[in-house]
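Here are some exercises to work through with the model open beside you. Try each task before you read its solution.

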Amino acid sequence: MKKSTPLKILFASSEVAPFAKTGGLADVSGSLPAALASLGHKVVIVMPLYRSVMEGPYELNSIEGALEVPYRGRVLKDKVFYSELEPNLSVYFVRKNEFFDRSMLYSTPEGDYFDNADRFIYFSRGILNLSKLIGFKPDIIHCNDWQTSLVPSYLKSLYMYDAFFEGVRIILTIHNLAYQGIFPPEYMAVSGLPSEFYSLNGFEYYGQMNFLKGGIVFADIITTVSEKYASEIQTPEFGYGLEGILKERSSDVHGVLNGADYREWNPETDSNIIANYNEKSLSGKERCKKDLIKAFKLKGPEKAPLIGIVSRLATQKGFDILAEAVGTLVDLGFLIVLLGTGDEIYEKQFAEIGKKHKGRFGVKIAFDNALAHKIEAGADMFLMPSRYEPCGLNQMYSLKYGTIPVVRATGGLDDTIKEFDTKTGNGNGFKFAEYSSQALIEEMKKAREVYRSQELWLKLVKNGMKEDFSWERSARTYERIYHNALARR
Ligand code: ADP
């Protein structure tokens, strides 16, 4: 395959799998840099040194010298750690224990950490100084979400005339526009950014400082994680108040679908599941279903269609319509398992619903990666009734595991799932358009009909397992975007 000119890419992210993860951002930050490195680019990932990294099974080395970060009128110094992942790929960890040595990344069930603005101002400033400290002069700095959204504006102010960063182009990827990092305006001064950046065409947002907005204004290119979401976020319904500024930059906004990391999500090699299987031999999947039924102590017949759900418990994910639908789904003969953590209100509500439908609806309130794999393998269908979904990864994992996605047609779910057509045998899942429990139930009934025909179901399962959402394709698209950005120098 043709290789493009190798680039030096600094990839900045607040979470990177396997080191620290709350959701899809970590999956992307773990996989995309690796895919770029295998295309021949040199990639340095930068993330905070969280407690989970210090306590994890990782070999960390420290570098000579200290990272200096100006912060609230002082210059703080601290050590930097790193780990070589592959020949062209390493990850550097910014240490500041008072900010990052905590049990969670951004919030506890009681709410966000009070000093998130300080934590990510510090981190963003640290990213650029770290790059200089290790002598990694990037062609591209690729930022992700609000936590690293100050980097573009630092480069266009405090570091504007720094020869080290001459010619660098900055990409900002929005993984979820609903999280913008909005803080009191006093944080402008804390950030050290020029006060004139606090304007309608900068960070100002209804009297507050909006980190993501500043990122969108000052980045050279903005990407988001599916084509559908790229157009959705330019509308009032999905734009969360930033649709105007995104529309203004429309020609620089691109949708690039995430990939699935098949090194981690592949039923043929997955060590978290009781039996491995592939498209040609599916008997392992039956054993996985039995194992899952046992894990959740379900009592329904093994032949009943089993729905899996793995998700953050957040309004975005459609838990209000799911709560309304569960009773009917159980009456229709479905078994359901749900693994999730998140908003307290949903944690309580679903623990209750689980008790009510004991034996038919298994609920586990936890973050459990091994169990997430078991659900992907053991369920017959995977339900994602999201209100909105920038990309969604679980539907792609599900396809690989022969677990049929039933999704709401929004964002990346709409881009990746094609309704199964019983006549032609084309399609890879089921999707409904209207955001309502009724529409969800009707779609589940369609899925159940197909499930009843062994022949049709097998065809559908195989269609899904043949799909290829590997990272290489996405990495090549990013590569093109980087080169186009550099060509505009
Ligand atoms: P989002 O980033 O919005 O949470 P994605 O579908 O992009 O949604 O990614 C979610 C990732 O987090 C998937 O890898 C999924 O398996 C994982 N995940 C979510 N909740 C849990 C949980 N409770 N336990 C284990 N993994 C989870």
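**Exercise 1.** Find how many salt bridges cross the interface of domain 1 and domain 2.

*Solution.* Across this interface the rule finds one salt bridge, the rule being a side-chain nitrogen of Lys or Arg within 4 Å of a carboxyl oxygen of Asp or Glu. As a reminder, this is a predicted model, in which local features need pLDDT of at least 70, side-chain atom pairs count only at pLDDT 80 or more, and totals for chains, interfaces and linings use all residues. Residues are numbered from 1 along each chain as its sequence is written, and side-chain values use heavy atoms, with hydrogens and water left out.

**Exercise 2.** Work out where the two domains lie and how much area is buried between them.

*Solution.* Start with the bounds, which come from an automatic or database domain assignment: domain 1 is 8-259 + 471-487, and domain 2 is 283-466. Next, take the centres over C-alpha atoms; 33 Å separate them. Now turn to contacts (heavy atoms within 4.5 Å): 20 residues of domain 1 meet 18 residues of domain 2. Finally, the buried area (accessible area, 1.4 Å probe, that two parts lose on being put together, summed over both) is about 1,500 Å². Carbon and sulfur atoms give 56% of that area.

**Exercise 3.** List the residues that Ile-141 touches, leaving out those up to four places away in sequence.
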